Amino acid sequence: MSFRSIVAGSLVLSVGLGVFAACKREQPEGAKIDATAIERCERGIERAVLQTETRQSMKTYYGECAGIYTEQGCRQAYQDAANLDPSQQMAKVLEGCRAAYCPSFANQEFEACKPDFKPASPAVIMKAWPPLHEAILERDLRAYAPRVSRAMLVFYSRVMQRMGGAMAPPPASGAAEADGSAPSAADAGAASEATAADAGAANAAADAGKGAASAQARKGAASAPSP
């Protein structure tokens, strides 16, 4: 999925997001989180999408979506991040959530879960966080993980629009990789010229972009006709 497709799709998704958030739902089968927390996150993302000031939209995103994580360390990291400068939010969330969840993923080789991992730079965080976050959503939300990821994708694309497309979406599996959406050297250079707040916001939203893109790629692969 190209960045241009993401931006175009966000217009449709943002309209539908309010409908998603308003729908009453039963407790997701197998999910570890109550449906109320999922609805709160979706409504929060809907507000964050419409907010034009980066710091406020990031505060809304982190604060309203903290409740979709079962592990207290990760949930607290989201709540704390809501009150930090956007340039500090992603590192805070990654540290809190990796400590809380990595023991549950001991059999998976996530970069963020390696004992010697350190969030030394935004680029390191941007690479390590999305795969772990996707696994966390699938663990805690089960069938509702793709739905939440789609809502987060709306938010991600809005952050990218606000930055004028300065940073490309992080690489994803399947179709996204084939479409060449991995950041280039030029993208990295452009991103370094963005304000600290917007750069932090882009890194913070990168989890949503990759999680949703890879989920959509898996869904497309599953629905494709057999040869």
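The legends below describe an overall view and several close-up views of one predicted protein model.

Residues are numbered from 1 along each chain as its sequence is written. Because the model is predicted, local features need pLDDT of at least 70 and side-chain atom pairs count only at pLDDT 80 or more, while totals for chains, interfaces and linings use all residues; side-chain values use heavy atoms, with hydrogens and water left out.

View 1. The protein has 10 helices and zero strands; helices (H or I, at least four residues) and strands (E, at least two) are DSSP runs, numbered from the N terminus. Buried residues make up 49% of the 227 residues, where buried means under 20% relative accessible area, exposed over 50%, and partly exposed in between (1.4 Å probe, protein chains only). Among contacts (heavy atoms within 4.5 Å) between residues at least 6 apart in sequence, 68% join residues at least 24 apart.

**View 2. Confidence along the chain.** The mean pLDDT of the protein is 72, and 58% of its residues reach 70 or more; pLDDT is the predictor's confidence in each residue, from 0 to 100.

**View 3. The largest nonpolar core.** A nonpolar core is a set of buried Ala, Val, Leu, Ile, Met, Phe, Trp, Tyr and Cys residues joined through side-chain atoms within 4.5 Å. The largest one has 49 residues, and those with the most contacts inside it are Tyr61, Tyr78 and Trp129. Two or more residues come from each of helix 2, helix 3, helix 4, helix 5, helix 6 and helix 7. Helix 7 gives the most to this core, with 10 residues.

View 4. Rings of Phe, Tyr and Trp (its six-membered ring) pair if their centres lie within 6.5 Å; planes under 30 degrees apart count as stacked, over 60 as edge-to-face and the rest as tilted. By this rule there are five aromatic pairs. In one of them, the rings of Tyr61 and Phe155 have their centres 4.7 Å apart and their planes at 15°, so the pair is stacked. Tyr61 lies in helix 3 (residues 54-65) and Phe155 in helix 7 (residues 145-162), so the pair ties together parts that are 94 residues apart in sequence. Both Tyr61 and Phe155 are buried. Ring pairs link Tyr61, Tyr62, Tyr69, Tyr78 and Phe155 into a cluster.

View 5. The structure holds three disulfides, each a pair of cysteine sulfur atoms within 2.5 Å. With the bonded cysteines numbered in sequence order, the pairing is 1-2, 3-4, 5-6. The sulfur atoms of Cys41 and Cys65 are 2.1 Å apart, and with 85° about the S-S bond this link is right-handed. Cys41 lies in helix 2 (residues 35-50) and Cys65 in helix 3, so the pair ties together parts that are 24 residues apart in sequence. Cys41 counts as buried at 0% relative accessibility, and Cys65 counts as buried at 0%.

**View 6. The disulfide of Cys74 and Cys97.** Here the sulfur atoms of Cys74 and Cys97 are 2.0 Å apart. The torsion about their S-S bond is about 70°, so the disulfide is right-handed. Cys74 lies in helix 4 and Cys97 in helix 5 (residues 86-101), so the pair ties together parts that are 23 residues apart in sequence. Cys74 and Cys97 are both buried.

**View 7. The disulfide of Cys102 and Cys113.** A disulfide joins Cys102 to Cys113, with 2.0 Å from S to S. This link is left-handed, with -80° about the S-S bond. Cys102 and Cys113 lie 11 residues apart, in the loop between helix 5 and helix 6 (122-141). Cys102 is buried, with a relative accessible area of 11%, and Cys113 counts as buried at 18%.

**View 8. Thr60 and its contacts.** Thr60 is found in helix 3 and is buried, with a relative accessible area of 7%. Leaving aside neighbours within four places in sequence, Thr60 is in contact with Gly44, Arg47, Ala48 and Gln51.
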